[in-house]
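Visitor: I'd like to learn how to read aromatic rings in a structure. Could you walk me through some?

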Amino acid sequence: MSTVIVVGVQWGDEGKGKIVDILARDADIIVRFGGGNNAGHTLLVGEERTVLHLIPSGVLHQGKICVIANGVVVDPEVLVSELTALRARGYLTDDACLKISDEAHLIMPYHKAIDLARERLRGKGEIGTTGRGIGPTYEDKMARTGIRFVDLLEEGTFREKLERNLEEKNIYLRSILKEPGMEFAAIYDAYRRHGDLLRRYVSDTALYLQEGIDAGRRILFEGAQGTMLDVDHGTYPYVTSSNTVSGAVCAGAGVGPGSFQSVVGICKAYTTRVGNGPFPTEERGPIGERLRESGDEFGATTGRPRRCGWFDAVLVRQAARLNGLTGIALTKLDVLTGMDPLRICTGYRAGGQRFARVPASTRVLEAVVPEYEEMPGWTTPLSAARTLAELPVNARRYVARLEELTATPITMISVGAEREETILI
Ligand code: GDP
Ligand code: IMO
Ligand code: MG
């Protein structure tokens with residue numbers, strides 16, 4: 001059995017795309033099991049930069065099977081354009097290499113309109129969503145009014161469900177959100193067209209994956225977002241609308257819990273967050289600016305500048321526990337070159353109390369003051385290192401300290417955005 005789950009352990013954008021692309025070399029099947037095109041996973045191969053929003057990050061290896069499982073919410077227009085762009089570059093030219101679950105839910109135009117309008121109404125209290133309609137789509141899924149691929153492909157069913165949904169959404173849009181309503185015909189025609197283009201990829205992916213597991217095929221499950229964006233375990237309500245922890249893979253791909261071998265947490269050597277919400281180690285001054293510039297910390301989906309700060313060991317230790325991590329891939333260590341001293345958050349304090357875990361209360365988390373320990377930095381660039389021994393001693397000490405504080409072995413270190421710029425331990 002060779003099944004690996006990859007998850008982000010901070011607030012997303014940890015470098016999941018890069019690591020999955022590397023691990024995909026040794027996999028047969030790569031699976032997205034949650035989130036939607038709020039995700040932006042970047043792959044850098046040679047001069048070519050690819051940002052994937054829905055298609056799994058194994059796609060640049062020819063012959064691998066990419067699966068979009070039932071837990072993903074799919075904007076078919078985004079999927080069609082991503083697919084078209086990849087096919088134009090010679091990827092996924094074999095239709096058998098992409099599989100989409102017939103149970104995956106569709107993001108509809110009204111979901112995007114509702115997402116954006118609600119954010120506007122929240123004003124300063126906005127979540128800072130990606131505006132891709134993710135929350136409203138998961139709401140409909142849970143309300144049992146959502147539209148799935150299987151419904152899209154059944155003429156009568158799609159018409160009926162769209163009519164019923166649109167009637168209700170238009171009342172909500174017009175009366176509550178003060179937005180214009182939407183026309184049935186335009187949505188119906190566009191979605192039928194998308195359905196016709198995507199029909200050939202749609203099937204029972206849970207069954208396909210189980211058969212793959214039974215046949216000993218190597219399967220890589222690619223998480224989206226990060227643990228602190230999980231709707232149950234993250235910094236609620238400043239989270240996404242799905243479960244992003246490793247456990248979500250069972251429901252999101254339809255595979256039993258006994259089927260998984262290892263869980264790799266992708267973790268930046270510092271911390272970033274895009275969107276609003278508490279961020280204890282955020283640096284709003286020159287240090288944050290320095291990390292943003294050197295780390296090129298701008299959103300892969302929305303282009304927004306990412307908020308940046310020091311490594312938070314409280315948060316990563318908690319994520320290691322929640323995900324049952326068997327190892328960490330530490331990314332962007334190169335970005336810290338030249339910063340001295342380096343700081344690591346080892347605890348929080350608020351109101352005379354010390355916290356060794358992330359408090360559930362937003363108010364408390366916003367008020368906490370991080371406790372830091374300092375470590376000496378290094379000045380030698382890291383991107384040429386391919387073994388641990390080639391790293392400057394202070395970089396090795398920093399990595400060893402993170403390993404200690406997070407109680408998780410660091411099994412990979414990424415020292416640049418390129419595929420090759422990686423140390424396997
Ligand atoms: P994801 O959402 O977790 O896949 O991460 P993103 O792609 O949104 O953001 C990670 C960014 O960091 C991308 O621009 C990557 O190309 C880049 N990146 C990944 N690993 C490294 C690394 O080790 N060093 C540097 N400098 N950049 C990296
Ligand atoms: P990847 O997979 C970083 C954030 C948004 C916002 C919150 C809710 O690239 O790591 P949503 O649109 O999901 O309702 O927004 O979640 N968010 C992400 N931040 N990386 C992501 O994905 C994200 N997906 C959602 O910025 O704060
Ligand atoms: Mg991203």
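Visitor: Let's start with charges over rings. Which residue lies over the face of Tyr208?

Guide: This is a predicted model, and in it Lys99 is placed over the face of Tyr208, at 4.9 Å from the ring centre. To count, the NZ of a Lys has to be within 6 Å of the ring centre and within 35 degrees of the ring normal.

Visitor: And what sits over the ring of Tyr188?

Guide: That's the charged end of Arg159, 4.5 Å from the ring's centre.

Visitor: Now ring against ring. How many aromatic pairs does the structure hold?

Guide: Six. Take Trp11 and Phe279: their planes are at 50° and their centres 5.2 Å apart, so you'd call this pair tilted. Trp11 belongs to the loop between strand S1 (2-8) and helix H1 (16-23), while Phe279 is in the loop between strand S12 (271-273) and helix H10 (286-294), so the pair links parts of the chain 268 residues apart.

Visitor: Are Trp11 and Phe279 buried or exposed?

Guide: Both are buried.

Visitor: What about Phe158 and Tyr188: how are they arranged?

Guide: They are stacked, with 25° between the planes and 5.7 Å centre to centre. Phe158 comes from helix H6 (residues 155-176) and Tyr188 from helix H7 (residues 184-198), 30 residues apart.

Visitor: Why does Tyr188 count as buried?

Guide: Buried means under 20% relative accessible area, and Tyr188 has 8% relative accessibility, so it qualifies. Phe158 is buried too, at 0%.

Visitor: Which residues do ring pairs link into a cluster?

Guide: Phe158, Phe184, Tyr188 and Tyr191.

Definitions and conventions. Residues are numbered from 1 along each chain as its sequence is written. Chains are lettered from A and ligands numbered from 1 in the order in which they are written. This is a predicted model: local features need pLDDT of at least 70, side-chain atom pairs count only at pLDDT 80 or more; totals for chains, interfaces and linings use all residues. Side-chain values use heavy atoms; hydrogens and water are left out. Rings of Phe, Tyr and Trp (its six-membered ring) pair if their centres lie within 6.5 Å; planes under 30 degrees apart count as stacked, over 60 as edge-to-face and the rest as tilted. Helices (H or I, at least four residues) and strands (E, at least two) are DSSP runs, numbered from the N terminus. Buried means under 20% relative accessible area, exposed over 50%, partly exposed in between (1.4 Å probe, protein chains only).
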